[in-house]
Amino acid sequence: MADLRALVLTVARGLADHPDDVRLEETESPDERVLELSMAQDDLGRMIGREGRVIKALRTLVSVAAAKAGETRRVDVALED
């Protein structure tokens, strides 16, 4: 589902000071799909947000988009250092 990848990349690159450093890897299992987001160290704080609000909002947005697209597996966004 390229749409979920595009959604995460668009949001992450929009928040980042170094959008060219944003990378997204995907791992899948029968019951879960994980989008692993990596970015410049300087941008991680902005992506996490105060008390984790930004990453939590992104995870909610991705979950809703996945459900609307008919994804039956759990979809999560993980941040890599």
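Strands β1 and β2 are paired in the antiparallel sense over 6 bridges. Helices (H or I, at least four residues) and strands (E, at least two) are DSSP runs, numbered from the N terminus, and two strands count as paired if DSSP finds at least two bridges between them. The structure is a predicted model, in which local features need pLDDT of at least 70 and side-chain atom pairs count only at pLDDT 80 or more, while totals for chains, interfaces and linings use all residues. Residues are numbered from 1 along each chain as its sequence is written, and side-chain values use heavy atoms, with hydrogens and water left out.

## The sheet

β1 and β2 form a hairpin with 3 residues between them. Within β3, L79 is the bridge partner of L37, and A78 is that of E36.

Together, 3 strands make an open sheet of mixed pairing, in the order β1-β2-β3. Its edge strands, β1 (23-28) and β3 (74-80), each pair on one side only. On average, neighbouring strands of this sheet are turned by 20° against each other, direction ignored; axes are lines fitted to C-alpha atoms, for helices over the stretch in contact, and angles run from 0 to 180 degrees between N-to-C directions. In general, strands of a sheet pair through backbone hydrogen bonds, either parallel or antiparallel.

Burial is described here by relative accessible area: buried means under 20%, exposed over 50%, and partly exposed in between (1.4 Å probe, protein chains only). Strand β2 is largely enclosed by the rest of the structure, because 5 of its 7 residues are buried.

## Helices around the sheet

Helix α3 (residues 53-68) lies across β2 and β3 and runs at about 150° to β3. In helix α2 (residues 41-48), the residues D43, L44 and M47 are buried. These residues cover an arc of only 120° around the axis, so they sit on the same side of α2; the arc is that of the directions from the helix axis to the C-beta atoms. G49 follows α2 and has a positive phi, near 80°.

## The nonpolar core

A nonpolar core is a set of buried Ala, Val, Leu, Ile, Met, Phe, Trp, Tyr and Cys residues joined through side-chain atoms within 4.5 Å. The largest such core has 18 residues, and V8 and V62 have the most contacts inside it. The elements giving two or more residues to this core are α1 (2-15), β2, α2, α3 and β3.

Contact means heavy atoms within 4.5 Å. With its neighbours within four places in sequence left aside, V62 is in contact with L4, L7, V8, L35, V75 and V77.

L24 belongs to strand β1, and its relative accessibility of 8% means that L24 counts as buried. Apart from neighbours within four places in sequence, L24 is in contact with R5, V8, L9, L35, E36 and L37. L24 and R5 are 19 residues apart in sequence, and their C-alpha atoms are 7.5 Å apart in space.

## Salt bridges

A salt bridge is a side-chain nitrogen of Lys or Arg within 4 Å of a carboxyl oxygen of Asp or Glu. By this rule the count comes to 11 salt bridges. The table lists examples.

| Salt bridge | N to O distance |
|---|---|
| E28 and R73 | 2.8 Å |
| R53 and E51 | 3.6 Å |
| D43 and R46 | 4.0 Å |

The side chains of E28 and R73 meet in one of these salt bridges. E28 lies in strand β1 and R73 in the loop between α3 and β3, so this pair ties together parts that are 45 residues apart in sequence. E28 counts as exposed at 52% relative accessibility, whereas R73 counts as partly exposed at 21%. Both E28 and R73 belong to a network of salt bridges that links R5, E26, E28, R33, E71 and R73.

D43 and R46 are 3 residues apart in helix α2, and therefore separated by about one helical turn. D43 is buried, with a relative accessible area of 1%, whereas R46 is partly exposed, with a relative accessible area of 39%. In the remaining pair of the table, R53 and E51 are both exposed.
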